[in-house]
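Here is a walk through one protein chain.

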Amino acid sequence: MTTRSKLTVQIREVTDADYPALAALQQAVWPQQPVTAEYLQHGDQELQGHTLRPHLWRIVAEVEAAEGQVATEGAGRVVGAASVMQWPGMFDPHRYHAEVLVLPSAEGEGVGRALAEAVWAHLMERGPREIMAGTQEDRPRGLAFLGHWGFKEAMRFFDNVLDVAQFDPAPFAAAARLAPGYRAVSLTDLIAERGFDAAWAAYFAGFVQARADVPRTAEATPMIENEFRKRAAHPQFWPEAVLLAVHEASGEVAALTELWLDPADEGRLNTGLTGTTRNHRRLGLALALKLRSIEQARARGAAKIWTGNASSNLPMLNINERLGFVKEPAWIEMQWFSPDVAGE
């Protein structure tokens with residue numbers, strides 16, 4: 001399909017050859033969230049192979065040769081991309097997540113509108129009850145764009161960044177010690193102690209319970225253990241940095257924190273889930289594990305640790321602030337509901 005705009009572009013579905021361009025586009029739009037082509041393609045393959053069979057559709061906008069000319073400067077260059085997908089973590093057959101990215105140099109040229117119109121047509125064919133999309137609070141163009149399409153703010157999330165070299169562990173010496181009756185082990189250590197299956201079963205059980213109270217814009221989908229175990233093969237998974245607080249009497253995982261390798265920056269580590277199961281809270285377990293993970297990052301030579309929190313998750317935001325994490329501009333998650341849902 002060819003869409004006429006100030007910049008003449010062709011909208012087409014993504015092929016495997018487009019992933020390097022998609023990664024470069026994301027780096028240009030969100031320079032603080034770099035990715036690689038391999039990371040994006042691996043994520044798509046995982047999504048397509050998921051037990052829940054979530055929907056995934058990607059398109060790109062590439063510069064088209066002007067009418068009557070064989071080629072134009074920049075013809076074939078990807079200047080924008082969009083996606084429609086369903087998240088397994090909040091899966092509903094009528095809920096979708098939509099994203100539109102435009103190369104900064106191509107903003108204002110009609111590329112975003114062309115992509116959004118294609119996305120909207122695709123979604124309307126599927127009859128969504130809810131669509132999620134978002135942008136940062138310091139992107140007024142993006143906020144206005146989503147508002148024009150009828151999206152309203154639902155929740156805010158903060159990325160928090162710690163400068164590892166500047167962190168001083170001395171004031172937290174007491175907090176780094178686990179409460180009596182608990183011990184800290186890595187997933188690698190637990191596998192050595194119990195065997196792969198038993199260790200992963202304990203990790204999964206603790207993860208599910210700690211995840212239950214994480215704020216989100218919709219109800220969490222129950223996790224599937226076989227899908228959870230696929231993270232063992234993920235290129236950025238670091239089992240030595242999955243730190244678990246194990247209750248010595250019961251053997252159950254009471255709290256955990258995770259550090260993941262970054263796909264594009266060797267000096268950066270990304271926090272996965274940090275949390276405590278309900279029966280073991282208010283003992284400082286999450287903070288103690290977090291402090292150990294910072295030392296682990298320092299030993300690895302990491303420069304930064306990134307972590308994300310919903311604005312309503314005050315306990316974790318307070319922990320991160322105490323540790324010296326600095327907030328990035330908030331990510332604003334926005335929602336669109338079909339008229340039928342909005343009127344219920």
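Contact here means heavy atoms within 4.5 Å. The model is predicted. Not counting residues up to four places away in sequence, Ile-59 touches Ile-11, Arg-12, Glu-13, Val-14, Ala-81, Ala-82, Leu-115, Ala-118 and Val-119.

Now widen the view. Ile-59 belongs to the largest nonpolar core, which has 43 residues. Ile-59 is among the members that touch the most others, together with Ile-11, Val-79, Val-111, Leu-115, Val-119 and Phe-151. Which helix gives this core its largest share? Helix H3, residues 111–126, does, with seven residues. In soluble globular proteins, nonpolar side chains tend to be buried together.

Next, look at how helices pack. Take H1 (residues 19–29) and H2 (residues 37–48). Their axes are 8 Å apart, and the packing angle is about 110°. Angles of 65 to 115 degrees count as roughly perpendicular. H1 and H2 are therefore roughly perpendicular to each other. On the H1 side, the contact uses Tyr-19, Pro-20, Leu-22, Ala-23 and Gln-26. H2 supplies Ala-37, Leu-40, Gln-41 and Asp-44. By class, this contact has six nonpolar, two polar and one charged residues.

Move on to H8 (residues 285–300) and H9 (residues 314–323). Here the angle is about 40°, and the axes are 11 Å apart. That makes H8 oblique to H9. The crossing of H8 and H9 is right-handed. From H8, Leu-287, Lys-290, Leu-291 and Ile-294 take part. They meet Met-316, Ile-319, Asn-320, Arg-322 and Leu-323 of H9. The residues in this contact divide into six nonpolar, one polar and two charged.

Finish with the backbone. Most residues other than glycine have a negative phi. Arg-53 is not a glycine, yet its phi is positive, about 55°. Where does Arg-53 sit? Its place is in the loop between H2 and strand E3 (56–63). Is Arg-53 buried or exposed? Exposed means over 50% relative accessible area. Arg-53 has 71% relative accessibility, so it counts as exposed.

Arg-282 also has a positive phi, about 65°, although it is not a glycine. Arg-282 lies in the loop between strand E11 (268–276) and H8. Its relative accessibility is 84%, so Arg-282 counts as exposed.

Technical notes. Residues are numbered from 1 along each chain as its sequence is written. This is a predicted model: local features need pLDDT of at least 70, side-chain atom pairs count only at pLDDT 80 or more; totals for chains, interfaces and linings use all residues. Side-chain values use heavy atoms; hydrogens and water are left out. A nonpolar core is a set of buried Ala, Val, Leu, Ile, Met, Phe, Trp, Tyr and Cys residues joined through side-chain atoms within 4.5 Å. Buried means under 20% relative accessible area, exposed over 50%, partly exposed in between (1.4 Å probe, protein chains only). Helices (H or I, at least four residues) and strands (E, at least two) are DSSP runs, numbered from the N terminus. Axes are lines fitted to C-alpha atoms, for helices over the stretch in contact, and angles run from 0 to 180 degrees between N-to-C directions. Angles under 35 degrees count as roughly parallel, over 145 as roughly antiparallel, 65 to 115 as roughly perpendicular and the rest as oblique. Ala, Val, Leu, Ile, Met, Phe, Trp, Tyr, Cys and Pro count as nonpolar, Asp, Glu, Lys and Arg as charged, and the others, Gly among them, as polar. A crossing is left-handed if the near helix is turned anticlockwise from the far one by less than a right angle, and right-handed if clockwise.
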